[in-house]
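Work through the exercises below with the sequence and the coordinates at hand. Each task is followed by a stepwise solution.

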Amino acid sequence: MSSEEAGTPQSKDTVPLQEMRRVTDARTLRALAHPVRIALFEELTESGPMTATEAGERIGESPTTCSFHLRQLAKYGFVEEAGGGKGRARPWRATTIGISLAADHDDPEAELASGVLSRLIREHHLGRYQTWLDTRASYPRQWRKAAHESQHLFHLTAEELEQLNKELSALLMSRFHERLTDPSQRPPGAAPVELLVISYPVHLPPPEADTQTPGADS
């Protein structure tokens, strides 16, 4: 969805979105762990600057609720005022294209907060996927045909899995990064498309003793 449809067209003076922000501290993780804040942040990164009223219309919340949560996001540096307007009529914009969560933490509080935030984000994504399944019949045939679902099972080491995820991310970012940060790069007919990549071991790996080279001393 373009920024024009949001009622707040991006001008050539719009500040470009920063790269993905890595979040590791417990306080910031807890601040993000709210369904409305997740929805607001995603709406601003997808559609560009908008007011609390416009954001509320998009995510089904009141302007008052959105205004409060936008101020909280701004407190932690995830959004900022885009300039112009007063009160709930002032537009907000995201400051980063997304967030990255650490896979593990030395701080138990951060580990717990990260788990809560990850679960909320995943529920948000899967809820949007279910909406697609429920409404796909209303989409043009070419989009129904282009959408894809697949499941793969591989036997990998932890190192290989980490490398695979890095390569997939690099491929996607190299091809489509500019379209996310600069709406003018999006070709006619382009629509927001979500690609969920979830990789995880389905069983615990074998004990290290079982992975020693055959013939080695036990």
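A salt bridge here is a side-chain nitrogen of Lys or Arg within 4 Å of a carboxyl oxygen of Asp or Glu. The model is predicted, so local features need pLDDT of at least 70 and side-chain atom pairs count only at pLDDT 80 or more, while totals for chains, interfaces and linings use all residues. Residues are numbered from 1 along each chain as its sequence is written, and side-chain values use heavy atoms, with hydrogens and water left out.

**Exercise 1. Describe the salt bridge between R93 and E80.**

Step 1. The closest N and O atoms of R93 and E80 are 2.9 Å apart.
Step 2. R93 belongs to strand β3 and E80 to strand β2 (residues 79-81), so the pair ties together parts that are 13 residues apart in sequence. Strands (E, at least two residues) and helices (H or I, at least four) are DSSP runs, numbered from the N terminus.
Step 3. Buried means under 20% relative accessible area, exposed over 50%, and partly exposed in between (1.4 Å probe, protein chains only). R93 is buried because its relative accessible area is 15%; E80, at 30%, is partly exposed.

**Exercise 2. Which residues does the salt-bridge network join?**

Step 1. The structure holds 8 salt bridges.
Step 2. One of them pairs E42 with R128, with the closest N and O atoms 2.8 Å apart. E42 lies in helix α2 and R128 in helix α5, so parts 86 residues apart in sequence are tied together.
Step 3. E42 counts as buried, at 18% relative accessibility, whereas R128 is partly exposed, at 32%.
Step 4. Through shared partners, E42, R128 and E194 are joined into one network.

**Exercise 3. Which members of the largest nonpolar core touch the most other members?**

Step 1. A nonpolar core is a set of buried Ala, Val, Leu, Ile, Met, Phe, Trp, Tyr and Cys residues joined through side-chain atoms within 4.5 Å.
Step 2. The largest such core has 26 residues, and L40, L44, L70 and F78 touch the most other members.
Step 3. Elements giving two or more residues to this core include α2 (35-47), α4 (63-75) and α5 (108-135).
Step 4. Leaving aside residues up to four places away in sequence, L44 touches P49, M50, L70, V79, W92, R93 and A94; a contact means heavy atoms within 4.5 Å.

**Exercise 4. Is F154 buried or exposed?**

Step 1. F154 sits in the loop between α6 (141-146) and α7 (158-181).
Step 2. F154 is exposed, because its relative accessible area is 55%.
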